Amino acid sequence: QVQLVESGGGLVQAGGSLRLSCAASGSIFIITRMNWYRQAPGKQRELVAGFASGGGTNYTDSVKGRFTISRDNAKNTMYLQMNSLKPEDTAVYYCNAKVITIAHVLSDYWGQGTQVTVSS
């Protein structure tokens, strides 16, 4: 089994910053993909940022230039640095990972989510 645990969410004023972390643990052989999603009240879950298959990164248009995704492969941890936060960034942020387990099974895992609230 694989667990994803997010941390770093909270309440911040518009223009402020937060750094989210997602730590993966368990029966991991290799993590093939890691992404950050978010879901605002009454809206569908959307992909915020992720690592492209070619090694680069991709971002949804609304966060480009403000958010930065990074990862520490040695720690199986992914980060999302969020700067210049806006009220419309308010959402529950979820970590997603596609993992090949020690049993050589490819599965999709989600964290429990961390709330980010940006006040105006």
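These legends accompany close-up views of a predicted model.

**View 1**
A search of the whole structure turns up one disulfide. The bond runs between C22 and C95, with the sulfur atoms 1.9 Å apart. A disulfide is a covalent bond between the sulfur atoms of two cysteines. C22 sits in strand β3 (residues 18-26) and C95 in strand β9 (residues 91-101), so the bond ties together parts that are 73 residues apart in sequence. The link of C22 and C95 is left-handed, with -65° about the S-S bond. Are these two cysteines buried or exposed? Both C22 and C95 are buried.

**View 1. Four strands make an open sheet.**
The strand order is β1-β3-β8-β7. The pairing is antiparallel. Strands of a sheet pair through backbone hydrogen bonds, either parallel or antiparallel. Which strands form the edges of this sheet? They are β1 (2-7) and β7 (67-72), and each pairs on one side only. From one strand to the next, the twist averages 15°.

**View 2. β1 runs alongside β3.**
These two strands are antiparallel, and six bridges join β1 to β3.

**View 3. S21 is a buried residue of β3.**
S21 lies in strand β3. Its relative accessibility is 18%, which is under 20%, so S21 counts as buried. What does S21 touch, beyond residues up to four places away in sequence? The list is V5, E6, S7, W36, M78 and Y79.

M34 belongs to strand β4 (residues 28-39). With 1% relative accessibility, M34 counts as buried. Setting aside neighbours within four places in sequence, M34 is in contact with C22, G50, F51, I69, R71, M78, C95, N96 and A97. Both C22 and C95 of the disulfide are among these contacts of M34. Now find N73, which is 39 residues from M34 along the chain. The C-alpha atoms of M34 and N73 are separated by 11 Å.

Where is G111 found? It is in the loop between β10 (106-110) and β11 (114-119). C95 is joined to C22 by the disulfide. L11 is 100 residues from G111 along the chain. The C-alpha atoms of G111 and L11 are separated by 20 Å.

**View 4. Two arginines lie over tyrosine rings.**
R19 lies over the face of Y79, at 4.0 Å from the ring centre. R45 lies over the face of Y94, at 3.8 Å from the ring centre.

Note on methods
Residues are numbered from 1 along each chain as its sequence is written. This is a predicted model: local features need pLDDT of at least 70, side-chain atom pairs count only at pLDDT 80 or more; totals for chains, interfaces and linings use all residues. Side-chain values use heavy atoms; hydrogens and water are left out. A disulfide is a pair of cysteine sulfur atoms within 2.5 Å. Buried means under 20% relative accessible area, exposed over 50%, partly exposed in between (1.4 Å probe, protein chains only). A charge sits over a ring if NZ of Lys or CZ of Arg is within 6 Å of the ring centre and within 35 degrees of the ring normal. Two strands pair if DSSP finds at least two bridges between them. Axes are lines fitted to C-alpha atoms, for helices over the stretch in contact, and angles run from 0 to 180 degrees between N-to-C directions. Contact means heavy atoms within 4.5 Å.
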